[in-house]
Amino acid sequence: MAMASMAFCVNSVSFQNRRRYNSGMVFASLGNKEAATLGVRVTEGEGKLPKLVLSSSAGSEAEIYLFGGCITSWKVPSGKDILFVRPDAVFNKKKPISGGIPHCFPQFGPGAIQQHGFARNLDWTVGDSENLEGNPVVTLELKDDSYSRAMWDFSFHALYKITLNAKSLSTELKVKNTDNKAFSFNTALHTYFRASVTGASVKGLKGCKTLNKHPDPNNPVEGSEERDVVTFPGFVDCVYLDASNELELDNGLGDIISIKNTNWSDAVLWNPHLQMEACYKDFVCVENAKIGSVQLEPEQTWTAVQHLTIA
């Protein structure tokens with residue numbers, strides 16, 4: 001990563017200074033459209049945080065917290081939740097929501113600023129909502145503010161479009177450089193899937209160059225994935241560079257999930273094993289990522305799409 005061009009500063013701003021929104025403000029931002037018709041409603045979630053609930057005409061449902069722009073639930077018509085939120089997750093804005101699909105931006109992993117960047121620690125706003133043939137669509141927005149600029153002194157505008165279908169959940173992330181100078185970043189969607197870790201496996205990674213962060217995350221070991229089917233036999237924290245644009249997750253619970261992407265060039269598998277003894281058996285993380293630096297000149301935009309489908 002080109003650290004000089006990112007011009008990071010040490011984080012000295014309290015989480016408590018972030019923007020705050022209540023459910024009424026969120027609902028007003030949806031305009032005069034009928035929420036029931038759109039399949040979008042606003043409710044009070046855990047910790048009294050504003051939460052959007054998307055409902056498709058086919059019976060699927062998704063929940064999205066504006067804090068962190070975090071999708072915390074994706075239920076298919078059978079009622080089964082495909083995503084996982086850890087039991088130690090807190091909803092008080094003092095730390096990111098641990099589970100679902102958290103954002104990592106403008107930094108993935110540890111580095112010059114807080115772990116995984118600040119996008120998961122800020123309130124996103126509702127930019128637009130619509131319904132396409134019974135499928136609700138919501139676009140969230142995030143812009144720089146004093147909190148973000150204290151760490152990363154650049155102006156940006158991020159749009160996060162979420163589309164719920166009967167058996168799929170799609171997201172489109174756009175990051176635009178609204179500054180008068182270039183910047184670089186890396187990013188990921190840190191997706192937690194509900195799983196039985198002993199039965200979970202991922203296909204589509206064979207031949208990828210790997211950066212294995214176990215046992216020393218500060219000195220990853222380079223290698224190559226030789227397995228057709230990758231499993232989670234213990235602690236797993238591995239980056240797969242130039243990964244396929246379609247992976248297949250068997251969650252060990254009877255579900256096969258297709259993970260397709262456009263422009264997320266890399267993938268990450270993670271399971272903390274005994275570091276999280278209370279819940280490690282119940283989830284795996286299969287993350288779409290952009291590990292190398294994305295360079296954006298003023299007014300340029302970077303776009304990436306993730307498409308999750310259950311068979």
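The stops below run from the whole chain to individual residues.

**The whole chain**

This is a predicted model, in which local features need a pLDDT of at least 70, side-chain atom pairs count only at pLDDT 80 or more, and totals for chains, interfaces and linings use all residues. Residues are numbered from 1 along each chain as its sequence is written, and side-chain values use heavy atoms, with hydrogens and water left out.

Begin by colouring the protein chain by pLDDT, the predictor's confidence in each residue on a scale from 0 to 100. The average is 90, and 88% of the residues score at least 70. Next, select residues 1–25, where the pLDDT is below 50; beyond near neighbours in sequence, this stretch has 72 contacts in the model. A contact here means heavy atoms within 4.5 Å.

Switch to a cartoon view to see four helices and 21 strands. These elements are DSSP runs numbered from the N terminus, with helices (H or I) of at least four residues and strands (E) of at least two. Of the contacts in the protein chain with a separation of 6 or more, 66% are between residues 24 or more positions apart. Buried residues make up 53% of the 311 residues, where buried means under 20% relative accessible area, exposed over 50%, and partly exposed in between (1.4 Å probe, protein chains only).

**The annotated pair**

Select His-190 and Glu-287, the positions at which an unreviewed UniProt entry places the feature "active site". UniProt positions are given in the numbering used here, feature names are shortened, and annotations may be inferred rather than shown by experiment. The lining of the largest pocket includes His-190 and Glu-287. On a 1 Å grid over the protein atoms alone, a pocket is an open set of points where a 1.4 Å probe fits, with protein on both sides within 12 Å along at least five of seven lines; lining residues have an atom within 4 Å of a point.

Centre the view on His-190, in the loop between β10 (183–189) and β11 (192–194). His-190 is buried, at a relative accessible area of 9%. Apart from residues up to four places away in sequence, its contacts include Gly-100, Ile-101, Pro-102, Cys-104, His-116 and Trp-270.

Move to Glu-287 in strand β20 (residues 283–296), which is buried at 2% relative accessibility. Beyond four places in sequence, its contacts include Phe-108, Leu-189, Thr-191, Asp-266 and Trp-270. Display the side chains of Glu-287 and His-190 to see the polar contact of 3.4 Å that joins them. Such a contact is a pair of N or O atoms within 3.5 Å; within protein, one must be able to donate a hydrogen and the other to accept it, and residues adjacent in sequence count only if both atoms are side-chain atoms.

Select His-116, in the loop between β5 (103–104) and β6 (125–132). Is His-116 buried or exposed? With a relative accessible area of 8%, His-116 is buried. Among its contacts beyond four places in sequence are Cys-104, Phe-105, Gln-107, Phe-108 and His-190.

Most residues other than glycine have a negative phi, and most peptide bonds are trans. His-116 has a positive phi of about 65 degrees, and His-273 has a positive phi near 50 degrees. Find His-273 in the loop between β19 (266–271) and β20; it is partly exposed, at 23% relative accessibility.

Pro-106 is also in the loop between β5 and β6, and the peptide bond from Phe-105 to Pro-106 is cis, with omega near 0 degrees. Then go to Pro-215, in the loop between β13 (209–212) and β14 (221–224). The bond from His-214 to Pro-215 is cis, with omega near 15 degrees.

**The cysteines**

Finally, display the cysteine sulfur atoms. A disulfide is a pair of these within 2.5 Å, and by this rule the count is zero. Cys-279 is in no disulfide, the nearest cysteine sulfur being that of Cys-285, 9.7 Å away. Cys-285 is likewise in no disulfide, and the nearest cysteine sulfur to it, that of Cys-104, is 9.5 Å away. Cys-279 is buried at 4% relative accessible area, and Cys-285 is buried at 0% relative accessibility.
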